[in-house]
Amino acid sequence: MRVWLYGRLSNDDDVRMNSLENQLEIVRAFASEKGHRIVGESFDDNVSGMRFDRKGLNQVTQAVDAGKIDAVIVKDLSRLGRHQMQTALFIDYLRQCGVAVISVTEGLNTMDDGHDLIIGVRQLMNDFYAKDIGNKIRHGYREKQKEGIVIKAPFGYWKDRNTGRIRLHPEASVTVQIIYGLYSEGLGQKEITRRLNAMQRKTPKQLHDERCGKAEGKVYRWTYQSVKNVLVEKSYTGLLVNHQTETHGRTVTPVPEDEQYLHEDFYPVIIDREEWEQVQALLKANAKPYRGNTASHRYAGLLTCGDCGSTFVPRIRCWNGSRRVEYICKNYMHHGKEFCPSHRIRETELDARAQQYAEELRSQWLEEQADLRRLHRLWEMKRPAINARLTALYEEVQRLEQEIDDLLLEKIQSGS
């Protein structure tokens, strides 16, 4: 039988028991013992089993779609995934392709109907374990936020990894003071951006890349947004604010201010509180209201330059009585070819590409809906048998518990 070996290690696993070397050694030995032909192997390191967009698992899917394998061998089903519903759907997908999942240490084969109940129970246990671990991690992190934890120091500071203390960054802290000083004098954010670039003050990205050894040959420019980020940062007054957002899955939601964790006098002060408040008042007074909260052009703010990372801005072109909208790299428009090659794209071309993409998504959605309906029908067919088996097992557990209680009572009575 043609088999594919798969392993996965997440950051909350016991490395001694579930190391990738240990997992692959177990599944290789099993495949060799059974005389299976190993077609390929893949693994995912430090990836949660609640996610199914994994590189190693995608390689399994590609091999299945190509008809190269008859079975996937894993150390146990939790290596395949811990999300109950997604794991069940993935196993059903493999079954439809005629591919089994073999769990070595649990002795399970998803092609064996007699194993369906045990597999369902295992999936419930794996799902519960992942959610329980996630809750414990979030609770522990929340407690550290209450005590005052800094993962990454804001621009203007640096974190001493040996002591955990936050210190002033000599160069960046001066840049922060320059920005606040210029804005307090009445200069706009665009003019401050121009002056910082003229003074060749290092950007937050540049300082980060220099620490990581990635800055060589790159060109860094201050932007309107990077200046704005400095002007609204509360940390410069010494205040640490934790628990500003909450993450549920991939959704990030803001936390109300009265539920955030504030730590006064945490950072070394760069800007005193009075000056910071004055700057916030100026920002609010100078803010331009949105035009009915709608963009003038439908792709404004959605396009990014692949060379320099700057946004594309819309421009109206009139030529020989015709009018068209184009989007141009902002860095090229303001600074010329010295900083970025000329990039432009017409709005009509974007409309055509968006229409094509929407049609492809619609076709994909219809196919996925058909697959879901098919899987739902399969589940409905199996559910009565599984429910009956679960009821029988529950009654058996109750009977055994009653026998144990009777034996304990008899032993207590005989002992007295």
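The structure is a predicted model, in which local features need pLDDT of at least 70 and side-chain atom pairs count only at pLDDT 80 or more, while totals for chains, interfaces and linings use all residues. Residues are numbered from 1 along each chain as its sequence is written, and side-chain values use heavy atoms, with hydrogens and water left out. The protein has 13 helices and 14 strands. Helices (H or I, at least four residues) and strands (E, at least two) are DSSP runs, numbered from the N terminus.

**Overall make-up**

- The protein has 416 residues, and 34% of them count as buried. Buried means under 20% relative accessible area, exposed means over 50%, and partly exposed lies in between (1.4 Å probe, protein chains only).
- The accessible surface of the protein is about 26,800 Å², and carbon and sulfur atoms account for 51% of it. Accessible areas come from the Shrake-Rupley method with a 1.4 Å probe, and for residues only the protein chains shown count as cover.
- Among contacts between residues at least 6 apart in sequence, 61% join residues at least 24 apart. A contact means heavy atoms within 4.5 Å.

**Surface patches**

- Patches consist of residues with over 30% relative accessible area and no salt bridge; like charges are joined within 9 Å, and nonpolar side chains (Val, Leu, Ile, Met, Phe, Trp, Tyr) within 5 Å.
- Glu-401, Asp-405, Asp-406 and Glu-410 make up a negative surface patch. Lys and Arg count as positive and Asp and Glu as negative, while His and the chain ends are not counted. The place of a charge is taken as NZ of Lys, CZ of Arg, CG of Asp or CD of Glu.
- Asp-405, one of the residues in this negative patch, lies in helix 13 (residues 347-415). Asp-405 has a relative accessible area of 45%, so it is partly exposed.
- A nonpolar surface patch is formed by Val-121, Leu-390 and Leu-393, which together have about 200 Å² of accessible area.
- Leu-390 also belongs to helix 13. Its relative accessibility is 40%, so Leu-390 counts as partly exposed.

**Salt bridges**

- The whole structure holds 24 salt bridges. A salt bridge is a side-chain nitrogen of Lys or Arg within 4 Å of a carboxyl oxygen of Asp or Glu.
- Asp-53 and Arg-51 are joined by a salt bridge between their side chains, at 3.0 Å from N to O. Asp-53 is partly exposed at 39% relative accessible area, and Arg-51 is partly exposed at 39%.
- Asp-92 and Arg-95 form a salt bridge in which the closest N and O atoms are 3.6 Å apart. These two residues are 3 residues apart in helix 5 (residues 84-96), so about one helical turn separates Asp-92 from Arg-95. Asp-92 and Arg-95 are both buried.
- Arg-194 and Glu-191 meet in a salt bridge through their side chains, at 2.6 Å from N to O. Both residues lie in helix 8 (residues 189-198), 3 residues apart, which is about one turn of the helix. Glu-191 is partly exposed, with 26% relative accessible area.

- Thr-175 is in helix 7 (residues 170-184), and it counts as buried at 0% relative accessibility. Apart from neighbours within four places in sequence, Thr-175 contacts Phe-155, Leu-196, Arg-201 and Trp-222.
- Thr-245 is in strand 9 (residues 245-248), and it counts as partly exposed at 44% relative accessibility. Not counting residues up to four places away in sequence, Thr-245 touches Val-252, Thr-253, Pro-254 and Val-255.
- From C-alpha to C-alpha, Thr-245 and Pro-256 are 8.7 Å apart in space, and they are 11 residues apart in sequence.

**Residues with positive phi**

- Asn-46 is not a glycine, yet its phi is positive, near 60°. Asn-46 sits in the loop between strand 2 (37-45) and helix 3 (55-65).
- Gln-200 also has a positive phi, about 55°, although it is not a glycine. The loop that holds Gln-200 lies between helix 8 and helix 9 (204-212). With a relative accessible area of 69%, Gln-200 is exposed.
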